[in-house]
Amino acid sequence: METNTYSIWRAPVFQHVDSYSHFRVSWNPRSIGSPCRPLKLRLRRSSQIFALNSTSTSEGNRSSAAESGETESLGSVSPIYVPTPSNRELRTPHSGYHFDGSPRQFFEGWYFKVSIPEQKQSFCFMYSVENPAFRKKLGTFEELQYGPRFTGVGAQILGADDKYICQFSEESTNFWGCRHELMLGHTFVGRKDLRPPNKEVPPEEFNRRVIEGFQVTPLWHQGFIRDDGRSNYVDTVKTARWEYSTRPIYGWGNVGSKQKSTAGWLAAFPVFEPHWQICMAGGLSTGWIEWDGERYEFENAPSYSEKNWGGGFPRKWFWVQCNAFEGADGEVSLTAAGGLRKIPGLTEVFENAALVGVHYDGIFYEFVPWNGVVSWEINQWGYWYISAENESHMVELVATTKDPGTTLRAPTTEAGLAPACKDNCSGALKLQIWKRTFNGSKGKMILDVTSNMAAVEVGGGPWFNTWKGKTAAPELVRLALQVPVDEDAIFGLAPFFKPPGL
């Protein structure tokens, strides 16, 4: 086996954030040769995928390779598994699985991204479940009773060199999700005579019971999937295997404060769907990913996670996300998105919705329709311009790409998990934030950073031309969403009424 090893020193910089003694980690790319712990990246070229198991350590479970014909050393990168604690720090609202058991049209999707700046590569893991009230494809009688529905579980990865893999099953019998925490998994192919997991299990138990499938928590992510041949329109890989741990740095809110619902407290109710929640705006991940015959090993790689759920995706949408920036003194994470979504009712009425969220130096800069105005100009592909302002700050971002993009799938009411959007993870991005002066103009610059690793997306349609839009909440909605509602405290008094997922 030929092994190319790259060792890049990247010193963690610990900065005190507030009186609660919360610390955050950022990186100083100039500190080459620092005595601090390095970020190590190893790229292994191999023609063989090895089976895995785990051995225990005093800190947790540390990954190791078992032999598949022979034993292969994994080098020094060895992620440590820690079970998900209850009442963990930085947990956001809506981290859990929102399915309420009813037969209504429903999907839920999850997105996890790991970026490796030294190689300018990203891995985007996407999972979805559609109409889980029906564990298998609907029969004739069920279709007559409920109407046509698409069912199943999908796992997609957009990985290195813009290659892609997708595995899908029309059955969701082996899918599981935790009602109030970001924990889910699925078994596509299990070991004979062993029951597939229905909750978080240690890595060695997962490997013993699951041949093809995945499990993911806020702190741990592992799996193995095999492309099922349904995506002949894109460059695919045959298999992917991964195992890495994550240490969250940002949720969705100020560090040391209660984390927020991305769409406000109204997201606790099944209106204005689909709903959307950023679960982890920024984290540090350590582990490995086997992809197209190569093995990527990483320590403290920037990572991100989000989710959405409801009756269906917006009619059209755009999205920009990045947490691998140049020119910043501390850790920066950006998420910006907008969509054209249907307003509940009998008529076909749609509204624009958009937001920009930036985490920097432990502070969350939130630009949403209920605290300001968000504007955008998005081309059919290749150009994203978004600006926003609230009472105290202003933000602008421009993202571009010359890459043609990769077509990805999304749950649709019309065709199930079907090609519906286009993504790229090497967009050029410029992000700026200013303090707002008393007369509404740009004041002191707070942040001015760039990146060549922005994730960009457009989806749905039709996209006949450039989409220019602006959104601000109606006065009544704005006032309602600015009310500081503590959903956990309210439903803590009556947990029986707490909605699933919250």
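The model is predicted: local features need pLDDT of at least 70, side-chain atom pairs count only at pLDDT 80 or more, and totals for chains, interfaces and linings use all residues. Residues are numbered from 1 along each chain as its sequence is written, and side-chain values use heavy atoms, with hydrogens and water left out.

**Exercise 1. Strand β9**

Work out whether strand β9 is buried or exposed, and which strands it pairs with.

Step 1. Strands are DSSP runs of E, at least two residues, numbered from the N terminus. Buried means under 20% relative accessible area, exposed over 50%, partly exposed in between (1.4 Å probe, protein chains only).

Step 2. Check burial. In β9 (residues 121–130), 10 of the 10 residues are buried, so the strand is largely enclosed by the rest of the structure.

Step 3. Gln-121, Phe-123, Phe-125, Tyr-127 and Val-129 point one way. Ser-122, Cys-124, Met-126, Ser-128 and Glu-130 point the other way.

Step 4. Find the partners. Two strands pair if DSSP finds at least two bridges between them. β8 (residues 107–116) is antiparallel to β9 over 10 bridges. Here Val-114 stands opposite Phe-123. β10 (residues 152–158) also runs antiparallel to β9, joined by 7 bridges. Met-126 has Gln-156 in β10 as its bridge partner.

Step 5. Inspect the turn. The β8 and β9 hairpin has 4 residues between the strands, and Lys-120 takes a positive phi near 50 degrees.

**Exercise 2. Cysteines**

Step 1. Look at two cysteines. Cys-279 is buried at 3% relative accessible area. Cys-421 is buried at 9%.

**Exercise 3. Aromatic rings**

Which parts does the pair of Tyr-111 and Trp-319 tie together?

Step 1. Set the rule. Rings of Phe, Tyr and Trp (its six-membered ring) pair if their centres lie within 6.5 Å; planes under 30 degrees apart are stacked, over 60 edge-to-face, the rest tilted. The whole structure has 24 aromatic pairs.

Step 2. Classify. The centres of Tyr-111 and Trp-319 are 5.2 Å apart and the planes lie at 75 degrees, so the pair is edge-to-face.

Step 3. Tyr-111 lies in β8 and Trp-319 in β19 (residues 316–322), so the pair ties together parts 208 residues apart in sequence. Both residues are buried.
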